[in-house]
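The sequence and structure come first.

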Amino acid sequence: GGIDVHRSTEGGINWGKISYWNGGDCDEYVHADIHTIVSRPGFPDQILVGNDGGMDYSVDAGDKNANPDFQRRVRGYNTVQFYYGAMANEANSNVMIAGAQDNGTQRFTEPGLNSTRRVIGGDGGFTAINPSDANIQVGSFVFNTYDLSTDGGKSFNRMSADQSSGRFTNPTDMDWPAGTLYSAADADELGRITRIPENPSAHSKVPADLGGGRISSLKVSPYTDNRVFVGTSDANGGRIFIIDNAESNVTSVTEITGDLGNRGSFLRNIDIGASDDQILITFSNFGVPSVFETMDGGTTWINKEDNLPDVPVRWGLYNPQDRKQVLLATDLGIWSTNDITAANPGWETSNAGLVSVRVDHLSYRASDEMVMATTHGRG
């Protein structure tokens, strides 16, 4: 297995495709990115194929004289691997969009495990909905490819098709009052699209002295205009900076790594608490402390790992109603504390109704204090 399923009837000397992810080369569609192939015991011609879209089943893949047939086997089984999610900021609304690995950007309009509609194709990534106007929505494809909807997610038009910079699933945040999207670009660069939604600019790359690092996490300040907090990763990464004047082509960059360790680790997420001085950061590595907080703008960082298991922590979220309360999205579901300021926060699992599945993103809406968790697997 690779992108498609291949078979040899000559002991591995020659190989041929027996499935096609795009459905254009033959009738036998099997979802792209094959992860596992299992033969049915006692039935050597039959196989079950696991992939990014779930499972497909063939009764004749082992018959060298057959052009194998495949059938989907995902009824009632959610497998989608979401990265980011966003909600309309309306109490009790079920309008949501979420970007998924290999399954595009999906639009939700009903509660529960119901069917969604794919509104952007390919790999989905960052999504956002304007909290003041749910008609304005942003979705993305890989790297710095972004799409805009002005009709509540019913249709999207491309704002940027830059696939030469940024990361595959690109760190991004919106400054909605300013109408500006910020993103990762290349080393020592901040990506930017302005004038959203009226007349989106071309995607630009703004120089920013990040010590040779490339952005891996990004958070627009809710308190200071044109200020963006960024974390960097790569060989010289694990550092955190404040970028001021982010709306201009001449930025002002201040490093606030302070006494933070974890150099070379992947700084995955930044959240801002009651002021720009209260900052929560998380790392998505094994074998390193995963959660830190500062109360003095980065001069001093305090390790808040405590009793967390050694797993990647992919997102951290302050409760806006009580900044002592924090939710974490990890590879073992959601964890929480009622007092992040304590020397030992005493993390507890918060997985009732969820299970210990990898969670990539947490988003909050103020209208009814709803939190959305996007799971990478189980849809």
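## Salt bridges and strand pairing

K219 counts as partly exposed, at 23% relative accessibility. The model it belongs to is predicted. The side chain of K219 meets that of D271 in a salt bridge, at 3.6 Å from N to O. This pair links distant parts of the chain, since K219 is in strand 19 (residues 214–220) and D271 in strand 23 (residues 267–272), 52 residues apart. D271 has a relative accessibility of 7% and counts as buried.

A search of the whole structure finds 12 salt bridges. Side chains of opposite charge can pair when their charged atoms come close.

| Salt bridge | N to O distance |
|---|---|
| R72 and D56 | 2.8 Å |
| K219 and D271 | 3.6 Å |
| R314 and D360 | 3.9 Å |

R72 and D56 meet through their side chains in a salt bridge. Because R72 lies in strand 6 (residues 71–72) and D56 in strand 5 (residues 54–58), the pair ties together parts that are 16 residues apart in sequence. R72 is partly exposed, with a relative accessible area of 33%. D56, at 0% relative accessibility, counts as buried.

The side chains of R314 and D360 also form a salt bridge. R314 is in strand 27 and D360 in strand 31 (residues 359–365), so this pair ties together parts that are 46 residues apart in sequence. Are R314 and D360 buried or exposed? R314 is buried, and D360 is buried as well. The pair belongs to a network in which salt bridges that share partners join R314, D331, R358 and D360.

### The sheet that holds strand 27

Strand 27, where R314 lies, is part of an open sheet of 4 strands. The strand order in this sheet is 27-28-29-30, and the pairing is antiparallel. Strand 27 (313–319) and strand 30 (348–349) are at the edges, and each has a single partner strand, so one side of each is left without a neighbour in the sheet.

The pairings can be followed across the sheet in order. Strand 27 pairs with strand 28 (residues 322–330) in the antiparallel sense, over 6 bridges. In this pairing L317 stands opposite L327 of strand 28. Strand 28 and strand 29 run antiparallel and are joined by 5 bridges. A329 has I334 of strand 29 as its bridge partner.

Strand 29 (residues 333–337) is mostly covered, with 5 of its 5 residues buried. Strand 29 also pairs with strand 30, again in the antiparallel sense, over 2 bridges. There W335 stands opposite T349 of strand 30.

### R365 in strand 31

Strand 31, which holds D360, also holds R365. R365 counts as buried, with 3% relative accessibility. The side chains of R365 and D368 are joined by a polar contact of 2.8 Å. Which residues does R365 touch, not counting residues up to four places away in sequence? They are M87, A88, N89, E90, A91, N92, S93 and M370.

I3, W21 and Y29 make a nonpolar surface patch of about 320 Å². W21 sits in the loop between strand 2 (16–17) and strand 3 (34–40). The relative accessible area of W21 is 45%, and W21 is partly exposed.

H35 has its place in strand 3. With a relative accessible area of 57%, H35 is exposed. The C-alpha atoms of H35 and I3 are separated by 9.2 Å, and the two residues are 32 residues apart along the chain. Leaving aside neighbours within four places in sequence, H35 is in contact with G50, N51 and D52. With D52, H35 makes a polar contact of 2.5 Å between the side chains.

Definitions and conventions. Residues are numbered from 1 along each chain as its sequence is written. This is a predicted model: local features need pLDDT of at least 70, side-chain atom pairs count only at pLDDT 80 or more; totals for chains, interfaces and linings use all residues. Side-chain values use heavy atoms; hydrogens and water are left out. Two strands pair if DSSP finds at least two bridges between them. Patches are made of residues with over 30% relative accessible area and no salt bridge: like charges are joined within 9 Å, nonpolar side chains (Val, Leu, Ile, Met, Phe, Trp, Tyr) within 5 Å. Accessible areas come from the Shrake-Rupley method with a 1.4 Å probe; for residues, only the protein chains shown count as cover. A salt bridge is a side-chain nitrogen of Lys or Arg within 4 Å of a carboxyl oxygen of Asp or Glu. Buried means under 20% relative accessible area, exposed over 50%, partly exposed in between (1.4 Å probe, protein chains only). Contact means heavy atoms within 4.5 Å. A polar contact is a pair of N or O atoms within 3.5 Å; within protein, one must be able to donate a hydrogen and the other to accept it, and residues adjacent in sequence count only if both atoms are side-chain atoms.
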